[in-house]
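Welcome, and thanks for taking a look at this one. Please have the sequence and the structure open side by side as you read the briefing below.

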Amino acid sequence: MRSYSSDSPQAVSRLLALTVISDGGGSPSEISATYRLGILDYAGIDEGIFDQVLRELTADLPVTADGLVRVDTEVIDQCLAEIVQPDLRLRVWKAMWQLAYADDSFAHAELALLHRATSAWGIEADAHGHGRIAGAKST
């Protein structure tokens, strides 16, 4: 698995791409939703960077016998560890939720990824889908 610099456009792109493919593939609605997210501009990601990282990620991951991508927890943890800035973590976390639900449903693997990010990054989520970094003051 490739590694990227902390908080780099590639590291953010890989987490977004991981969200898109975590349910085994990547629905067209999830992929197109990626290009509409404000996180891309915020993190300095253009479509070329995202597309390249998506291709690299799918090349790096093993595929099951039925053609679905398999994502291990070690891969998830590596990707999550590359995002360190609290504000960026929160923005990426929100974008991941939006992407996972872009096809109007949550797959088990998507929820597992989202909950792992919530826990790893210390995000406190409320019932309305809003979150904040644990211990951070609200503004």
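Does Asp7 count as buried or exposed? Asp7 counts as buried, because its relative accessibility is 16% and the cut-off for buried is under 20%. Please keep in mind throughout that this is a predicted model.

**The segment before H1**

- Asp7 is found in the segment that precedes H1.
- Its backbone deserves a look: Asp7 is not a glycine, yet its phi is positive, at about 60°.
- For background, most residues other than glycine have a negative phi.

**The nonpolar core**

- The largest nonpolar core is made up of 41 residues.
- Val12, Leu15, Leu16, Ile39, Val92, Met96 and Trp121 are the residues with the most contacts inside this core.
- At least two core residues come from each of helix H1 (9-21), helix H3 (38-42), helix H4 (47-60), helix H5 (73-81), H6 and helix H7 (108-120).
- As a general rule, nonpolar side chains in soluble globular proteins tend to be buried together.

- Ser13 sits in helix H1 and counts as buried, because its relative accessibility is 0%.
- Setting aside neighbours within four places in sequence, the contacts of Ser13 are Ile45, Ile49, Phe50 and Val53.
- H1 also crosses H5: the two axes come within 9 Å, at an angle of roughly 145°, and the crossing is left-handed.
- Where H1 and H5 meet, Arg14, Leu15 and Leu18 from H1 are in contact with Ile76, Gln78, Cys79 and Leu80 from H5.

**Aromatic rings**

- Across the whole structure, a search turns up three aromatic pairs.
- One of them joins Trp93 and Trp97 in an edge-to-face arrangement, with the ring centres 6.0 Å apart and 70° between the planes.
- Both tryptophans, Trp93 and Trp97, belong to helix H6 (residues 86-100), where they are four residues apart, or about one turn of the helix.
- Tyr101 and Phe106 make up a tilted pair, at 4.9 Å centre to centre and 35° between the planes.
- Tyr101 counts as partly exposed at 41% relative accessibility, and Phe106 is partly exposed too, with a relative accessible area of 33%.
- Trp93, Trp97, Tyr101 and Phe106 come together as one aromatic cluster.

- Arg55 belongs to helix H4 and counts as exposed, because its relative accessibility is 55% and the cut-off for exposed is over 50%.
- Arg55 and Ala17 are 38 residues apart in sequence, and their C-alpha atoms are 9.1 Å apart in space.

Conventions: Residues are numbered from 1 along each chain as its sequence is written. This is a predicted model: local features need pLDDT of at least 70, side-chain atom pairs count only at pLDDT 80 or more; totals for chains, interfaces and linings use all residues. Side-chain values use heavy atoms; hydrogens and water are left out. Rings of Phe, Tyr and Trp (its six-membered ring) pair if their centres lie within 6.5 Å; planes under 30 degrees apart count as stacked, over 60 as edge-to-face and the rest as tilted. Buried means under 20% relative accessible area, exposed over 50%, partly exposed in between (1.4 Å probe, protein chains only). A nonpolar core is a set of buried Ala, Val, Leu, Ile, Met, Phe, Trp, Tyr and Cys residues joined through side-chain atoms within 4.5 Å. Contact means heavy atoms within 4.5 Å. Axes are lines fitted to C-alpha atoms, for helices over the stretch in contact, and angles run from 0 to 180 degrees between N-to-C directions. A crossing is left-handed if the near helix is turned anticlockwise from the far one by less than a right angle, and right-handed if clockwise.
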